[in-house]
Amino acid sequence: MHINLKRFALSALALGISQAAIAEENAETADNSNIDEIVVLGQKQTFATSHVSDTMIERQAAVASVNDVLNELPGVLVTQGDYFGASDWLTAIFMRGFNTGGGANQIGTTIDGLPNGGSSYGGGSKANRYIDVLELETVEVGQGTADISSRSNEALGGTLNFITRDPLDEQAMRLVTAFGDQDARKYYFRYDTGEIAANTHAFVSASSSSVKDWINNAAEVTRDYGMAKITSEIDGYKLTGFISYNDANEHEFETISLDDYNNNPRNDALHMTWTDIPAVNEYYRDGWRALRENTFAYAKVEKDFGDWDFQTSVYKHRMKGRGDWVPPYLVNIKDDGAGNPQSEFVGGETQYGGSQIDRFFFVNPDGSAAVPSDSCVPTVGFNKNNDPACYADNVLPVMSYRHTHYTNDRVGITADVAYHFTTGSIEHSLRGGIWYEDGESSSTRDWHKISNVLVGPAFDKKPYWVQYISEYQIDETMYYLEEVAHMGDFTARLGLKKFKVDTDYHQPIGSDQPVSHSSSSDPLFSFGVNYITPVEGLEVFAGYSENFSAISKDRVGGSSAEELSRIEPETAENIEVGMRYEGRDLQFAVTYYDIAFENRIVFIEDGAVTGIDYLSQVDGVYYNLGGIDSNGLEMMASYNLGNGFSLSGSYTYNKATFVGTGSAALDEEAKVVAGNRVHGSPKTQYVVAADYMGEVLSAGMSLRFVGDRYINYDNAQVAPSYTVSDLYVGVDLANIAPNLKGLSARLNVNNLFDQEFISGVYSGSVFPSAPRTVSLSISADF
């Protein structure tokens with residue numbers, strides 16, 4: 001956004017604020033009981049839990065990702081490519097030493113309590129693929145132990161349950177437009193039907209947004225959302241139907257070394273200038289893309305019969321997507337004979353399977369592979385093969401446009417039943433449930449010739465090589481049983497859960513043999529206690545749980561049956577002890593936790609490939625190598641100052657360290673030093689926020705501190721600590737016209753003081769933070 005647009009936005013907002021202030025002088029002081037609670041705490045729970053509040057959501061820009069709202073909660077750190085959630089590749093969520101980045105998949109994610117299908121880049125779907133931030137009601141966060149009924153087989157370090165908004169009781173329509181830095185644009189529409197039949201309400205919404213990268217302000221991210229939800233109650237049965245759609249086309253950013261960051265903290269390794277040199281075009285930002293299309297639907301039935309109640313859901317998820325890269329060469333797959341035109345360059349045919357003979361970067365005028373001069377000394381930054389100065393003047397540059405296609409088709413069913421009874425003075429709740437999912441997924445990699453490198457990145461539609469097609473059939477079953485006993489102020493909980501995941505893998509092309517693997521957990525126990533103390537509003541709790549992460553499909557696909565027989569699923573044991581208090585104005589919670597993560601699965605390469613391995617032709621095996629010990633303290637609090645003012649904050653101390661294997665040789669192979677801190681996970685972080693919510697004017701500011709983070713396993717390099725502040729100011733005007741129920745404007749400023757710091761840490765590399773980012777949204781309610 002140009003400076004004149006910023007001035008216009010600020011001037012418009014200032015005018016609105018001044019008018020609102022005049023109106024507010026004549027309004028009554030806001031009732032404290034209507035002020036949104038900054039922290040929502042679970043009562044009578046035997047484990048730590050926290051919820052995202054309305055105010056935390058208000059602090060996010062209308063163009064932001066739903067993942068952003070988590071950053072104020074204790075123990076949670078979200079890193080992304082920018083303040084609008086661009087770059088699926090760089091998005092990672094850290095919690096208590098566990099994370100969702102780099103294929104780790106150690107934190108469970110659910111949508112309205114239903115599984116998201118994994119959060120990995122290669123075929124998974126993070127929460128922002130389902131929910132527009134304007135349709136987010138809250139996020140329930142179980143930082144460690146979590147609810148036994150949570151439907152996720154990745155929840156080693158906790159669960160995130162993203163909850164969507166329900167239909168309104170009254171008929172309404174809302175229009176939102178937003179704009180800001182990075183040429184950000186968003187248009188949003190929502191229509192609530194009101195009561196369309198007895199106790200039946202529905203809404204439909206849609207949005208479209210675009211934003212450019214903050215480094216070159218050229219590569220564009222586009223996201224389109226559609227959502228509909230209907231709720232009804234018939235004879236005591238609560239019915240819910242839901243469907244969401246998201247179509248995303250996102251450019252990627254690239255990580256850099258710490259030295260490169262120190263030299264230029266406002267840049268990455270990519271650019272937006274297309275040249276006639278393949279080795280330069282390899283880093284063309286628009287050629288690094290993630291395209292995803294997700295459709296998710298469910299139907300849910302709930303009924304309370306008094307002594308017992310039940311709920312059941314059936315859901316369907318369909319994802320298809322593509323990841324794009326632009327390697328600076330063509331792969332020689334077919335032996336066309338020395339000096340003959342290369343069939344990969346000539347085009348017209350597709351080679352299925354096989355492996356590379358070699359690579360060529362330039363061709364002669366007749367289409368044969370050009371050979372560099374033996375006597376050439378390559379230019380600094382090039383090697384002999386990719387330096388155009390090492391070839392004859394009449395050669396033509398060649399490049400590939402590599403696609404990796406992903407699909408994920410899932411259908412599942414959940415059911416929960418609870419029976420309530422008493423024995424003497426003890427109130428019992430016995431509940432059990434089951435989750436079954438049938439899924440099919442695939443990954444296909446094909447290589448296309450860039451039609452004319454001298455012109456641009458357009459590529460031939462027909463691939464010259466289909467490298468592989470990997471297909472997976474995954475059947476998953478989880479069941480649990482839990483007894484909760486209430487004895488006055490004392491609550492006890494005892495539960496048992498078990499997973500079974502069957503994975504079948506095969507490649508329709510190539511020589512790989514089909515592999516079938518069953519990943520089954522031992523019985524997973526959980527128990528806990530809660531005591532409501534004589535001090536009004538104060539309760540203490542303690543809990544223990546055993547968590548499990550199934551062996552992922554990618555690991556099954558990359559291993560033989562013999563190799564899989566040598567590894568076990570990853571597990572974690574969680575212990576929590578804490579207290580929580582809820583008073584009229586003050587709320588706080590304190591939790592101490594200790595987690596033992598065991599059977600950590602590591603891929604050990606037999607011959608490491610330096611740089612980017614576009615062919616993924618590396619040999620190695622998976623091992624269970626050690627684990628992680630994580631312990632720490634989490635605190636969160638909010639205080640209502642009165643007259644619309646409130647304070648809130650959270651503090652986390654987390655010591656997450658690697659556990660060795662007992663073998664110095666294996667530790668070295670796994671790049672693990674026993675006792676070293678887990679890279680990317682800060683030891684200390686805290687958030688402090690102040691908010692004002694009046695009848696017309698609202699405003700808030702947060703300050704977030706993130707401590708030092710190690711960049712890699714060896715703990716040799718450090719991403720320094722940083723402090724960043726965000727600001728929002730809003731004006732809400734009601735009943736200003738007969739057909740206009742409300743008009744509001746909200747200014748969001750991320751990185752208010754334009755700090756330079758390292759946002760993300762990714763196993764040896766880093767990514768810089770975006771500069772100050774300003775956006776303005778305007779909403780109209782009819």
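Predicted model: local features only at pLDDT ≥ 70, side-chain atom pairs only at ≥ 80, totals over all residues.

Analyst: Ile-450 lies in the loop between strand 23 (426-449) and strand 24.

User: Is Ile-450 buried or exposed?

Analyst: The cut-off for buried is under 20% relative accessible area. Ile-450 has a relative accessible area of 2%. Ile-450 is therefore buried.

User: How far apart in space are Ile-450 and Leu-330, C-alpha to C-alpha?

Analyst: In sequence, Ile-450 and Leu-330 are 120 residues apart. Ile-450 also has contacts beyond its neighbours within four places in sequence, including Trp-274, Val-326 and Met-399. In space, the C-alpha to C-alpha distance from Ile-450 to Leu-330 is 9.1 Å.

User: Tyr-419 and Phe-421 form an aromatic pair; is that pair stacked or tilted?

Analyst: The structure holds 33 aromatic pairs. In the pair of Tyr-419 and Phe-421, the centres are 5.2 Å apart and the planes are at 20 degrees. Planes under 30 degrees apart count as stacked. The pair is therefore stacked.

User: Tyr-472 and Tyr-505 form an aromatic pair too; what is its class?

Analyst: The two ring centres of Tyr-472 and Tyr-505 are 5.2 Å apart, with 35 degrees between the planes. Stacked needs under 30 degrees and edge-to-face needs over 60.

User: Which strands does the pair of Tyr-472 and Tyr-505 link?

Analyst: The two residues are 33 residues apart, and the pair links distant parts of the chain. Both count as buried: Tyr-472 at 9% relative accessibility, Tyr-505 at 4%. Tyr-472 is in strand 24 (residues 465-487), and Tyr-505 is in strand 25 (residues 490-506).

User: Which ring does the charged end of Lys-303 sit over?

Analyst: Another residue, Arg-96, lies over the face of Tyr-593, at 4.0 Å from the ring centre. The charged end of Lys-303 is 4.9 Å from the centre of its ring. That ring belongs to Tyr-237.

Note on methods: Residues numbered from 1 in each chain as written. Heavy atoms only, no water. Phe/Tyr/Trp six-rings, centres within 6.5 Å; stacked < 30°, edge-to-face > 60°. Helix = DSSP H or I, 4+ residues; strand = E, 2+ residues; numbered from the N terminus. Buried < 20%, exposed > 50% of the residue type's maximum accessible area, 1.4 Å probe, protein only. Lys NZ or Arg CZ within 6 Å of the ring centre and 35° of its normal. Contact = heavy atoms within 4.5 Å.
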